[in-house]
Amino acid sequence: MARILSRFYFMLLLLPVLCSAQDISLYEQFNGRYDFVFVGNTMNTAENNGNAFCFALTESAATLNLNSSDQIESAYLYWAGSGTGDFDVKLNGTDISATRTFEYIHWNFGYEYFSAFADVTSLVQATGNGLYTLSELDINPFLMPDKYCDNRTNFAGWTLVVVYKNDAFPLNQLNVYDGLQGVPLVIDIYLNNLNVIDNVGARIGFVAWEGDKDPNIAINETLSVNGNPISNPPLNPVNNAFNGTNSFTGANNLYNMDLDAYNIQGNINIGDTSAHVQLTSGQQNPNGTISGDFVMINVVVTKLNSQLPDATVTAEPPVPECNSRVITLDYTVFNTASTDVLPAATPVTIYADGIACGTVYTQNDIPIDGSETGQTIITIPAGVPDTFTLTLVADDDGTTGIVTEIDENNNSFGLSVTLLPLPEINQPQNLLACNEGLTSGTFDFSEVADSVVTNQNQSVQFFESQADAESNSNPILDYSNYHANDTPHTIYIRIQDDPCYNTASFELNIHNCPPTVYNFISVNGDGKNDTFIIKGLYDIFLNFQLSIYNRWGAEIWKGNNSSGKWDGQGNEGIRLDHEKVPDGTYYYILELNDPDYPKPLNGFLYITH
């Protein structure tokens, strides 16, 4: 603050020293039947300018007095002062710690100033009207005579910003902006996304620190809306906006802080979609110095009769079906935080990784704080990967929005979706087993089970039919020793990779394996080795010829697939039919008459009775 000392201007040199501050920006928005009030008090006992005191109180009080029909919606506590900060205070004896802090460093002197914030809604709602006392705010450790006191910038104070609602109020948009910016020279605040339908009752409020009453230092001190200076006489003249006043109570002894609200209905027009608020204080002199009142803006609150809908959308995570790119989507369109009805036929476009998949439209007007649910079926384009971002954008017809809203930047809702493709499967090879007669064979599917899976999470089952594989019914239990009565035979596989499955099949075939000759016959009627056993011959090599010879090379027996097995009796040559041959060694020649085995098999056998 540039002060008058002994009736002379205190001239601030414009030096190249950086200023630390937080720009005033939107903190919270309320849409509905709302209004606001500031309640607070200073810790200073007198005006800084022209006084030599160098201390501040640590406690002060103020009264909240709302109408009985007013309902407290939110309450924010701000406190501020000289120095680097005291961020733990008490409100009506309750410990309060700052959850957000702000810092301002004087552009010339490098002196620090602070502000702190805490949401005290629950405390104020529980207390209601009455006296509020802020205590244990102590800036005195920072008040060195050669620092804050020498240029009269020692101050401390607090305020409650209370937002309340009443069903009798018109529909308003109430915005709470905060930060910590200082003037000289100018602060610009831009309010966008407005739709002013009635400017009656439009107000703007400020929580400011360090303003002085003295009009002599209020150089170029103006507050303007859309380029029009505003005032609140007699408390706030047009050329001395920040002068230690409280326009809510009419007090003019709020030393070094301002709690002021201005009627701006003549400065904002019906149909306006934006507003420009500008605060100035001080001027730059030709010699490079700055003169004027040092003021810090902490909070700005605007209340405008602005009726607009606000379309937002959410969706339930879809449950994809296996091997399908078709998704059933349940969604809800909301019109919360709004001041007008969201009209029917408001579009919502659905995107998969940025590719539009379809547009749906609301069916009815959605009232303030209302919603509408819907369901749609969309097909995900083939070029979109199995895992993608599904985005719903309200008030979007695929190219642009069609509804003017309170907030044009909150229309999107996204969620990650993973489609469920069929489990990958390695195509199984057909199996080949030895012919066990009449085209039957025994097979082991174990290697097939190991070869078809592509990851350890997959499970494998075998079935006799495609229908059983699809329904997961009647699985083959012993697949390591499966007997097929006839071949070729098809086996069906179900590959399960929770929650999806895939199917495949393979063929069972047989071939004629080389027969195995057992060359001992004991024709004694004990049921063991009573015949010449050749495993894998009968009913397999249907055209075989088997000849038995004695040791002198005389053929004594000849047979084929239909003549039965040799039981030690002759049927050829010198031996009479059905006569037993004597014990001894004999020889055989087996002609398989099979293209895979063109050479005859031969060997000896021994027979005993």
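Student: Which element gives the most to the lining of the largest pocket?

Tutor: In this predicted model, strand β5 gives the most, with 5 residues of the lining. The elements that contribute two or more residues to the lining are β5 (34–42) and β6 (59–64).

Student: How many residues line the largest pocket, and which of them lie nearest its centre?

Tutor: The lining holds 18 residues, and Phe38, Val39, Thr63, Phe248 and Thr249 lie nearest the centre. The volume of the pocket is about 270 Å³.

Student: How do the residues of this lining divide into nonpolar, polar and charged?

Tutor: The lining has 11 nonpolar residues, 7 polar ones and no charged residue.

Student: Turning to the aromatic rings, why is the pair of Tyr113 and Phe155 called stacked?

Tutor: A pair of aromatic rings is described by the distance of the centres and the angle of the planes. Rings pair if their centres lie within 6.5 Å, and planes under 30 degrees apart count as stacked. The centres of Tyr113 and Phe155 are 6.4 Å apart and their planes stand at 25°, so the pair is stacked. The pair links distant parts of the chain, 42 residues apart: Tyr113 belongs to strand β11 (residues 112–119), whereas Phe155 is in the loop between β12 (130–135) and β13 (156–165).

Student: What makes Tyr113 buried or exposed?

Tutor: Buried means under 20% relative accessible area. Tyr113 has a value of 0%, and therefore is buried. Phe155 also has a relative accessible area of 0%, so Phe155 is buried.

Student: Why is the pair of Trp557 and Trp566 called tilted?

Tutor: Planes under 30 degrees apart count as stacked, those over 60 as edge-to-face, and the rest as tilted. The ring centres of Trp557 and Trp566 are 6.3 Å apart and the planes are at 35°, so this pair is tilted. Trp557 is buried because its relative accessible area is 6%, and Trp566 is buried because its value is 0%.

Student: How do you know that the charged end of Arg203 sits over the ring of Phe36?

Tutor: The criterion requires CZ of Arg within 6 Å of the ring centre and within 35 degrees of the ring normal. The charged end of Arg203 is 4.5 Å from the centre of the Phe36 ring and sits over that ring. Arg494 likewise lies over the face of Tyr501, at 3.7 Å from the ring centre.

Note on methods. Residues are numbered from 1 along each chain as its sequence is written. This is a predicted model: local features need pLDDT of at least 70, side-chain atom pairs count only at pLDDT 80 or more; totals for chains, interfaces and linings use all residues. Side-chain values use heavy atoms; hydrogens and water are left out. On a 1 Å grid over the protein atoms alone, a cavity is a set of points where a 1.4 Å probe fits but cannot get out, and a pocket is an open set with protein on both sides within 12 Å along at least five of seven lines; lining residues have an atom within 4 Å of a point. Grid points are joined across faces, edges and corners, and a volume is the space filled by probe spheres set on the points. Helices (H or I, at least four residues) and strands (E, at least two) are DSSP runs, numbered from the N terminus. Ala, Val, Leu, Ile, Met, Phe, Trp, Tyr, Cys and Pro count as nonpolar, Asp, Glu, Lys and Arg as charged, and the others, Gly among them, as polar. Rings of Phe, Tyr and Trp (its six-membered ring) pair if their centres lie within 6.5 Å; planes under 30 degrees apart count as stacked, over 60 as edge-to-face and the rest as tilted. Buried means under 20% relative accessible area, exposed over 50%, partly exposed in between (1.4 Å probe, protein chains only).
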